[in-house]
Amino acid sequence: MAGGLGWRVGPDGGRPQGRTCAHIELLPACEPPPPPPAPAPPVGCADCRSRGWSWVRLRRCVTCGHVGCCDSSRGRHAHDHHVRSGHPVVLSLASDEDWAWCFTDEVFLVRSGHGGSGQARRQPR
């Protein structure tokens, strides 16, 4: 398997199969999922909070730990962080999601053994 131990490019019904991710090695090697990192990520999107906005779901940058809201949120701050920083990969922080997204290569990344059977559900980036 290329890249981060325990991760692979996941199926995405709207995109061609056989895609790769040049940034998968940024993801932590793990199987099963690791315990939550310490200190815990902020409770919410700081950029939204500063504007008095709400958010839908949160994403954490695997390069620097920045927490921003998903593309379905008003601010799209996780994507904005990618554009400003160039950091390519975010992990979903939602308790019912177990995947990452590479903005640069536009692919879902799932833990090995999660084969598109609903264990790594596609949710708004």
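Among contacts between residues at least 6 apart in sequence, what percentage join residues at least 24 apart? In the protein chain the figure is 52%, where contact means heavy atoms within 4.5 Å. The model is predicted, so to speak of local features requires pLDDT of at least 70, side-chain atom pairs count only at pLDDT 80 or more, and totals for chains, interfaces and linings use all residues. Residues are numbered from 1 along each chain as its sequence is written, and side-chain values use heavy atoms, with hydrogens and water left out.

**Overall layout**

The protein chain has two helices and six strands, following the pattern β-α-β-β-α-β-β-β along the sequence. Helices (H or I, at least four residues) and strands (E, at least two) are DSSP runs, numbered from the N terminus. Of the 125 residues, 41% are buried; buried means under 20% relative accessible area, with a 1.4 Å probe and protein chains only. The accessible surface comes to about 6,600 Å², and 53% of this belongs to carbon and sulfur atoms. These areas come from the Shrake-Rupley method with a 1.4 Å probe.

**The sheet**

The six strands form an open sheet with antiparallel pairing, in the order β1-β6-β5-β4-β2-β3. Two strands pair if DSSP finds at least two bridges between them. Strands β1 and β3 (67-69) are the edges, each pairing on one side only. Neighbouring strands are turned by 35 degrees against each other on average, direction ignored. Helix α2 (residues 77-85) packs on the sheet and touches β2 (58-61) and β3, and its direction makes about 120 degrees with that of β3. Axes are lines fitted to C-alpha atoms, for helices over the stretch in contact, and angles run from 0 to 180 degrees between N-to-C directions.

Strands β4 and β5 pair over three bridges, and a hairpin of six residues joins them. Strands β5 and β6 pair over four bridges. Their hairpin has four residues between the strands, and E106 in this hairpin takes a positive phi near 55 degrees. Some bridge partners are listed here.

| Residue | Bridge partner | Strand of the partner |
|---|---|---|
| V90 | W101 | β5 |
| W99 | V110 | β6 |
| C102 | V107 | β6 |

**Buried residues**

Strand β5 is covered on both faces: W99 and W101 are buried on one side, A100 and C102 on the other. In a regular strand the side chains alternate between the two faces of the sheet.

Which residues make up the largest nonpolar core? Its eleven residues are W7, C21, I24, L27, V62, V89, L91, A100, C102, V107 and L109. A nonpolar core is a set of buried Ala, Val, Leu, Ile, Met, Phe, Trp, Tyr and Cys residues joined through side-chain atoms within 4.5 Å. Strands β4 (89-92), β5 (99-102) and β6 (107-111) each give two or more residues to this core. Apart from it lies another core, of seven residues, including A78, W101, F103 and F108.

Residue W7 is in strand β1 (residues 7-9) and counts as buried because its relative accessibility is 0%. The C-alpha atoms of W7 and I24 are 7.2 Å apart, although 17 residues separate them along the chain. Leaving aside neighbours within four places in sequence, V62 is in contact with L26, L27, V89 and L91.

Residue R111, in strand β6, is also buried, because its relative accessibility is 9%. The R111 side chain makes a polar contact with the side chain of D98 at 2.6 Å. A polar contact is a pair of N or O atoms within 3.5 Å; within protein, one must be able to donate a hydrogen and the other to accept it, and residues adjacent in sequence count only if both atoms are side-chain atoms.

Key: Buried means under 20% relative accessible area, exposed over 50%, partly exposed in between (1.4 Å probe, protein chains only).
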